[in-house]
Structures are given as structure tokens and as C-alpha cells.
Amino acid sequence: RMMNVLSRIYLVTRPIFSEDSFSAEYKKIDRQHKSLRDHVKEYFTCDGKRVKNALLSLLPIIAWMKIYRLKEWLLGDVVSGVSTGLVAVLQGLAFALLASLPPGYGLYSAFFPAVVYFFLGTSRHLSVGPFPVLSLMVGAVVTRIVPDVGPPANITEFEGLTINQQRVIVASSITFLMGIFQLAMGLLQVGFIVIYLSDTLISGFTTAAAVHILVSQLKFVFGLKVPSFSGPLNIFYTLEQIFLQITKANVADVVTSIIIIVAVIAVKEINERFKLRVPIPIEVIMTIIACGVSYGFNFEEIFKVDVIGNIVNGYESPLAPNVEVMKEGAVDAITIAIVGFAVAFSVAKVYSVKHDYIIDGNQELIAFGASNIFGGAFRSFAASTALSRTAVQESTGGKTQIASLISALIVLITIVGIGFLLEPLPKSVLGALVIVNLKGMLMQFREICYLWTRDKTDLVIWVLTCVAAIILGLDLGLAVGVGVELITVVFRAQFPRCCILANIIGTDIYRDRKDYLCIHEPDKVKIFRIPSPIFFANIEFFRDKLIQAVGFSPLRVLRKRNKALRKIKKMIKNGELQIGIKPTALVPASDKLDDENNTDDLDQPTDFSDLPVQVNWKAELPANISVPPVDIHSLVLDFSAVSFIDISALKVLKMTLKEFIRVDVEVYIVSCDVYIREKMHDCMFFDDEIKTSMFFPTLHDVMLHILTKHPDSQCYLKHFYNKIFNTNSASCYL
């Protein structure tokens, strides 16, 4: 038992170090930092090893194909590919409606990007293809340039084309431009940009997108002819038209949608509850049944149900992107590119962690960029990954992108061979399937309660992003969300929680004095913790908090002392105050001394050179002269959480420290990063008043240093050593 107790105690005997003494005792390695020229030279140096690494990085398929376990993985990839392919066909058709395009073009989006990603992507589990949020964002651009009602935008290439052909040009051109942006970001190594889209922001944004998608599908569920709207408040215009026409709802569409929704939800619950090895493909089953019933009972003629109609048989020729369209939708393309990559990368990270492999953000940008460029050239619309489709691919045994390649083959078979069988499928069925697949995104509303109890700042980000995206539209909503997120970061950095530290009795640990009972705060010493970087925007905040913590303004005290000293000198000169020394030896006559309005030297150090004695500012002063009291003799600044400091902040910090030093307060800085101290040297921070000797490596070092200089505070040491050694004296340890 004694050994167990001793094993949880550590004792260290060493000198008290300042940074100067530590540097003298332990020599630092003089490292040569690479210059910008060295980095550029290294970047453009080419050898066999770099070529090999570049090739493996650009074509990740080479790396994972070399370790492919044919016997163990192939069957799972085949089963997964077939299951995912069936889902991809239906989602391609359904998500094309979100993009305001003929359903057949959704199959192109489920095929071309998946094939390109197979060679270039680093995730082994992503199912690349249409994503409802991106489809809706593309649809907003499509309906803005080619509206349902009214003439399209003045685009030369639109002349003589049908509305669907015009919309295909818009969607493919925006997708092509989106791919260029993603490819450029990947080549420029700016994959880090997604860190500015937090999980909270993405959750709020995708929830708002789910609401938009839900509303956009109501017209198919009810069988109504509702024009598409774009821009702010579009969701409310759509709801207004739906409610105005609700009495004209097609009963067959409504009944079909209800049956589809109920059946799919019920079977999906069974799949989740019983963890089936191969989930029941209920969407495929219901689609086949709906096609058969619609064809057999002639829904289109008898019940006036809107069906998919003609699906393009085979592939159309490649299409060059339209430059005028790209100019019109450049801003939208940037937004779509960032959102598409952020969602795909976040999903890819989940599965890479689960299956223990590495993904490369920059290579993912290149892969998605190339996928969308290639897809846009073949009349596809924006591709990313659908969460439900990727979940199907992983849960049914998919191990690599071979599963995605097989799913693309299923889509290919549908396009060139059996697509005509889907022509009698009611659009209400696709709308119902889209709504059912929104369950996961709509359930994110539950995060409001979670964030309320955990982090109200993140709650504000979530709510404002969601509300803005619903009201203003997805593009402006995302901008608002990013703005709110950056503002919260600024506020957190600009107004952090500063605190006064105290010692946990019997330890060398220091914590916020408000949080613990068993603490000791040494007399006349303040330990002020700065918990964030210091820069131009928060230095005044820190200064105010520091003055509030110590209980006085050093500049005000300094000015009061200098005014009092000026008055004392004047009284001595005029013979009003006697101190037993000849007045001629005290103060030379000068106009500056007699000028009571002169304030130029009030901020300077107190000058006792003209007096034979120094003034004791703690004693009672003559002629009712009073100055604010200074209750501390030492101030310690804890820089352990300060990661950087800029030049503007250094200037203010230097002046603030000088103000404390000039009122006889010893200032110390502890745990300051070595690179910050180097910057201080470079910026001429040190002078006759601010010296390197004020820097200490740890809080306990500086406290022991202070308490040996000020024996009146050594009761602190007694608290410390009594706790450890159960003794009433600590003198032998001083």
C-alpha cells in the first residue's frame, strides 16, 4: 500500500530557473530555418522518388489495388456495387427533379463522376453521384437563368432550343465551372478551406437544405403545376402557390406518395433494427411495383398523373460549356464547389477513421474537380456524395471503389438498355422517395436541444445558418453562416475569459481562484492568465481586464505620484516644507517646475534626483497630498496559452508593463513561447526598464523567486511544504 502511495507522488529537486538562467544552463540547438527560396527550390526539385510519390498521389488506385484481397473483398464489393447501383439509379432520377432537369440526366450524374473518382479518389467507400443539396443549388441557378414563366436570360446559344435543352446547358456549364474551381483549389493545395465550415455550420445548412428539398417535392406529391422560384423568400412563394392550388391536388398522386412513404419508412426501420447483411432494397421494389401499376392502369391517361416520360436512350454527344452561363453563375459555382467538397470530405473522414486508412483533402479536391469537369462535359449536373447511398455501399460489404465502379455499371445498363422501362414511373413516386431520404437531415433538428445544453455559441451558429438558408436561400444562407461563424471566432479571441490564478495548496499547480476552495493566493502578488493570442483587436481588452484584476490603473497612479512630487518640490522651494536640508540644495528654480499645467513628464518615471530622500508613497504625505494606493508588489502574466502576438499588441504591452514598473510593481512573464520571445528581441521590446530577467519558464519558478525576494509573503511556502511534509517550518527549503 505504501508503494502505491509513493508511486503517485513525484519529487523534483532543481534550482529556481529564470529564462536567462535556464538558457545558460541548457544550451539550445541552433537550427537553421529554411528560407522561402529553399522551399521554392525544394518544391520544384524533381527526382525519381518524387515522381513516384506524385504518381501514387495523383492515382491512389495504384496504392490500394496493390493490396487488394481478391478472395476476401471481391464478393462484398460485387454485392455492395449492385445494391448501391440500384439506389443510385433511383436517386439519379429523383435528384434530377431537384435540379429542374429531365430525370434521365440524373443517370448521367450517377455514372460519369463515379468512373473518374474510381481512379483519382482517396476514399474507398464514398459513393459519388448526385447529392440533394447540390442538386437543389444547381436547380436554383437553372430556374433563375431559365425560369418556368417568362423568357430566359439573354444567352446566344439558347436560340432555337427547348426549355429542357436550355436547362441542360445551364446545369452542365455550372457543373463544369464548379469542377474547375475544385481542381484549381486542389492543385493550389487549399484543401484546408473546409476547416472554415464547421460541423455545426454544415449541420444547420443541410437541415435548411432538407426543408427546401421537402417543399420543392410537394408539387410532385400533390400533382400540382407550381412554377419554380429562386432568390430570397423563394420557399414562401412556393408554399403560397401550393396552398392556393391545394384543392386541385391529384388524388392518385397523393395516395401513391403516401403508400410509398409509409412502406419505405417501415422497411427501412426493419433494416436498421435487425442489421440485415443485405438490406431489403425497398426503394427498388416499390419503384418496380409503381411502374407496373402505372403502366397497367394507364395512370397518365386515366388519372392525369405526371410520369417521367421519355428517357434518353444511350449517351448524348459531349457538350462544350457555355461561357455566358458560366459568367452568370460564377458565384453560385464557387458556393456549390465548396459545399460539395465539404460534405463529401466530412463523410469520407468518418469512413476513413472507421476502416483505418488515410484520405488526402487536396487529392479529394482534384478528384471531385476532375469528376465534375468530365461529368459537365457529358451533360451531368453537380456530383458529390449522398449520405444514404454511401451508407448502403459500406453496410453491404463494400471495401473499395470497385463497388462504386460496379454501381456505375448498373447505371450504365439502365441508360443504354432498360431505361425505357422506367418511363411510366410517376414523378410523385420519385418525390416521395426524395422526402423519405430526407429523414437523416431533418432529424438534425434534434441538435438544437443538444447544443443548448453544451455550447450556446454553436447553437447560435446552427440556428442563424439554418434560418438564413431557409429564408434567404442556400447561397446567401451559407454566406451568412460563414460570417456568423467567423464573427464568433473573432469574439472568442477578442473577448476571452481572463482570470486570476492561485496556488492549489501543497502543489505546484495554479488554477482559477474562483473554481477551487483549497487554494492560497500570496499577499501582494497577482497572477493574471491570458488565455488566447494577443493581437491588435484584443490588446485593449486585456489591458482593461488586467487593470480591473489588480484594482488600480498604473498610469493614473504614476500621474498622481508625479503631480504629488511636483507639488512637494514646489513646497520645499517656497519654504513651506522643511526636511532639515538647505533649500538651495534641493530644487533649482525653473519655469517647468512652476508650470502646473505642464503634463509632458507626468507619464515618465518618478524622478527623485532633486530630492535628498525618496518619498514613501505608502506613508502619509504632507499638505493633504494623496495618491491612489498600490496594493501589490509583484505582477505575474501567464503566457502559457499565448500562441502569437503582433507588433501592435507588443507596443501596447510594452507601455503597459512600463507603467507598472514605474509605480514600483515587479512584472514577470511566465511560460512564454520561445518564438514570441525571439519576436520581442527582433521588435526591440527590451530596454533599460523591460529586461529579459523578467521571463520565467514556469509559474512555480517565478513564485518561489518572488517569495524569496519578499520574505513577508513566505507564509505561502509554509502552506506548500506543510501540505507535503507535515511540518510547521519551511525555512530549510528556502
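The model is predicted: local features need pLDDT of at least 70, side-chain atom pairs count only at pLDDT 80 or more, and totals for chains, interfaces and linings use all residues. Residues are numbered from 1 along each chain as its sequence is written, and side-chain values use heavy atoms, with hydrogens and water left out. Helices (H or I, at least four residues) and strands (E, at least two) are DSSP runs, numbered from the N terminus.

**Nonpolar cores**

- A nonpolar core is a set of buried Ala, Val, Leu, Ile, Met, Phe, Trp, Tyr and Cys residues joined through side-chain atoms within 4.5 Å.
- Buried means under 20% relative accessible area, exposed over 50%, and partly exposed in between (1.4 Å probe, protein chains only).
- The largest nonpolar core has 118 residues, and Val133 and Val170 have the most contacts inside it.
- Helix 16 (residues 330-355) supplies the largest share of this core, 13 residues.
- Another core, of 39 residues, lies apart from it and includes Ile539, Ala549, Ile632 and Val642.
- Leaving aside residues up to four places away in sequence, Val133 touches Phe205, Ala209, Ile213, Val339, Met441 and Leu474; contact means heavy atoms within 4.5 Å.

**Helix 7 and helix 17**

- Two packed helices are described by the angle between their axes and the distance between the axes.
- Helix 7 (residues 104-120) and helix 17 (residues 361-377) have axes that come within 8 Å and cross at roughly 150°.
- Axes are lines fitted to C-alpha atoms, for helices over the stretch in contact, and angles run from 0 to 180 degrees between N-to-C directions.
- Helix 7 contributes Phe112, Pro113, Val116, Tyr117 and Leu120 to the contact, while the residues from helix 17 include Phe368, Ser371 and Phe374.

- Strand 6 (residues 525-529) is largely enclosed by the rest of the structure, because 4 of its 5 residues are buried.
- Strand 6 pairs with strand 7 (residues 634-638) in the parallel sense over 5 bridges; two strands pair if DSSP finds at least two bridges between them.
- Ile527 has Val636 of strand 7 as its bridge partner.
- Strand 3 (residues 499-504) pairs with strand 6 in the antiparallel sense over 2 bridges.
- Cys499 has Arg529 of strand 6 as its bridge partner.

**Gln217**

- Gln217 lies in helix 10 (residues 199-221) and is buried, with a relative accessible area of 0%.
- Gln217 touches Leu98, Gly431, Val434 and Ile435, not counting residues up to four places away in sequence.
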